[in-house]
Amino acid sequence: MSTVSVRIPTILRTYTGGESEVSAEGGTLRAVVADLEASYSGISARILDDGGKIRRFVNVYVGDEDVRFAEGLDTPTPSGTQISIIPAVAGG
Amino acid sequence: MALTSATNLGPATALTCRECGHSRDLGPHYACEECFGPLEISYDFGDVTRASIEAGPRNIWRYKGLLPVPSDIEETPNTEPGLTRLVRADRLAGNLGLAKLWVKDDSGNPTHSFKDRVVAVALAAARELGFQVLACPSTGNLANAVAAAAARAGIRSAVFVPSDLEAQKIITTAVYGGTFVTVDGNYDDVNRLASEIAGEQEDWAFVNVNVRPYYAEGSKTLGYEIAEQLGWRLPDQIVVPVASGSQLTKIDKAFQELIKLGLVEDKPYRVFGAQAAGCDPVAHAFKQGWDVFRPVKPATIAKSLAIGNPADGTYVLDVARRTGGTVEDVTDEQVVEGIRLLAATEGIFGETAGGVTVGVLKKLTESGVLDPSAETVIINSGDGLKTLDAVAPVVAPTATIAPTLAAFRAAGIA
């Protein structure tokens with residue numbers, strides 16, 4: 001089982017008891033999100049839409065890579081990977 | 001960071017999600033807690049008339065009754081941007097075969113780009129919400145504007161830019177003092193970093209991240225000014241550069257507000273977006289008929305437009321389609337050609353974003369997409385002195401001669 005670290009944006013910290021960074025298990029981003037949901041009930045529905053896809057206004061990075069440039073929810077998350085969840089509406 | 005009884009954001013009443021409609025109280029929020037969608041300011045506009053605006057100061061604060069800023073905004077030190085000239089561009093119009101063309105020349109702002117408008121509004125919101133530091137990720141123009149505004153306001157600035165930025169934009173940021181960090185990455189990397197820092201440094205107002213709903217409203221003043229300077233009426237067509245897409249969507253919002261407030265006559269207008277081919281996610285999506293764009297990795301000399309994952313790109317598609325406009329792109333060669341054309345016909349030296357806009361104006365005119373008989377406005381959003389590298393290889397003195405009349409005659413330039 002691979003253990004990864006996930007950075008939680010401010011608006012999701014109500015789910016993580018205020019924690020800005022949490023650990024999760026899973027070999028792909030999809031498995032990591034499922035594990036987050038197991039620990040922090042309700043968080044998955046904030047990250048994924050009703051169709052199970054990453055919400056349009058959420059950016060997820062595995063390491064330095066925006067997963068939209070990688071394999072989306074199927075992006076591999078080897079042990080030790082740093083994952084960041086960030087609101088997309090920023091910049092310019 | 002929270003509202004207190006002293007917080008004064010003028011006519012602003014709430015933050016409402018543009019996607020799902022969920023509303024929350026005004027505060028330092030930018031993404032919807034339900035769906036992560038962008039939050040927009042809701043207002044209760046009071047009695048705003050042409051006369052009340054015209055009696056105001058000769059800067060954007062003449063529109064303070066339409067902005068999320070305190071009613072005494074003029075009393076606090078700020079850069080007082082706006083009311084830049086609207087230039088009747090007959091020679092450029094003649095060159096392209098257009099009947100009537102205007103250039104809204106926003107290089108005339110205090111730090112020489114439209115960014116002074118948005119930063120002035122963000123600064124006011126940051127003060128009201130209790131932030132201590134004015135910060136941003138930037139492609140350069142915003143860096144200038146934030147560093148200058150913070151210096152004038154006497155607060156700390158923290159500015160983050162890609163390290164490969166034009167030397168002019170590095171120097172014109174560093175000169176104001178403040179914390180200034182160059183990051184080894186592209187703008188989208190810097191933007192991501194800023195979003196993560198904003199989650200850690202709670203008293204830092206990243207103008208285009210955690211106070212973005214307020215900041216973005218500053219671009220409405222471009223639309224208000226164009227209408228007022230045209231004699232309180234709307235143009236038929238407008239061409240706007242697209243980086244994040246916020247400037248374009250807020251100009252449209254301004255036109256819509258002016259119509260609703262009865263300050264201009266309701267009429268159709270078409271909004272056109274301009275991108276560089278090396279960073280064309282919105283233009284590409286428009287041409288493909290997509291509702292949502294696909295992010296790209298930028299590669300263009302138009303660095304101020306080099307945002308591969310534009311926050312308001314989807315809304316640009318909506319505005320262009322709703323108004324009968326398009327989103328078009330031009331190559332870097334056409335950008336340089338656009339800069340030179342604007343300079344040679346109107347005496348206006350625009351930056352690369354201006355070159356993109358002129359290039360797209362030319363392309364859309366030649367392809368018949370723009371109506372040549374309709375009154376058209378284009379935005380020059382920044383100053384060519386900040387992007388000298390773009391034209392340095394292709395412009396030069398006509399001749400270099402000895403200080404003698406003989407040499408002048410011999411050079412054949414009489």
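How far apart do the end C-alpha atoms of residues 82-382 of chain B lie, and how much of the span is helix and how much strand?

**View 1. The annotated span of chain B in the predicted model.** The end C-alpha atoms of residues 82-382 of chain B are 13 Å apart. According to the UniProt record, an unreviewed entry, residues 82-382 carry the annotation "domain: Tryptophan synthase beta chain-like PALP".

**View 2. The contact between chain B and chain A.** On the side of chain B, 25 residues are in contact with 20 residues of chain A. Helix 6 of chain B (residues 187-198) provides the largest share of the chain B side, with 4 residues. Sorted by class, this side of chain B consists of 13 nonpolar, 7 polar and 5 charged residues.

**View 3. Leu83(B) and its positive phi.** Although Leu83(B) is not a glycine, its phi is positive, at about 50°. Leu83(B) sits in the loop that runs between helix 1 (50-54) and strand 4 (86-88) of chain B. Leu83(B) counts as buried because it has 21 C-beta neighbours inside 10 Å, the cut-off being 20 or more.

**View 4. Trp232(B) and its positive phi.** Trp232(B), a residue other than glycine, has a positive phi near 60°. The loop between helix 8 (220-229) and strand 10 (237-241) of chain B holds Trp232(B). Because 14 C-beta neighbours lie inside 10 Å, Trp232(B) counts as partly exposed.

Conventions. Residues are numbered from 1 along each chain as its sequence is written. Chains are lettered from A and ligands numbered from 1 in the order in which they are written. This is a predicted model: local features need pLDDT of at least 70, side-chain atom pairs count only at pLDDT 80 or more; totals for chains, interfaces and linings use all residues. Two residues are in contact if their C-beta atoms, placed from the backbone, lie within 7 Å. Helices (H or I, at least four residues) and strands (E, at least two) are DSSP runs, numbered from the N terminus. Ala, Val, Leu, Ile, Met, Phe, Trp, Tyr, Cys and Pro count as nonpolar, Asp, Glu, Lys and Arg as charged, and the others, Gly among them, as polar. A residue is buried if 20 or more other C-beta atoms lie within 10 Å of its own, exposed if 12 or fewer, and partly exposed in between; C-beta atoms are placed from the backbone. UniProt positions are given in the numbering used here, feature names are shortened, and annotations may be inferred rather than shown by experiment.
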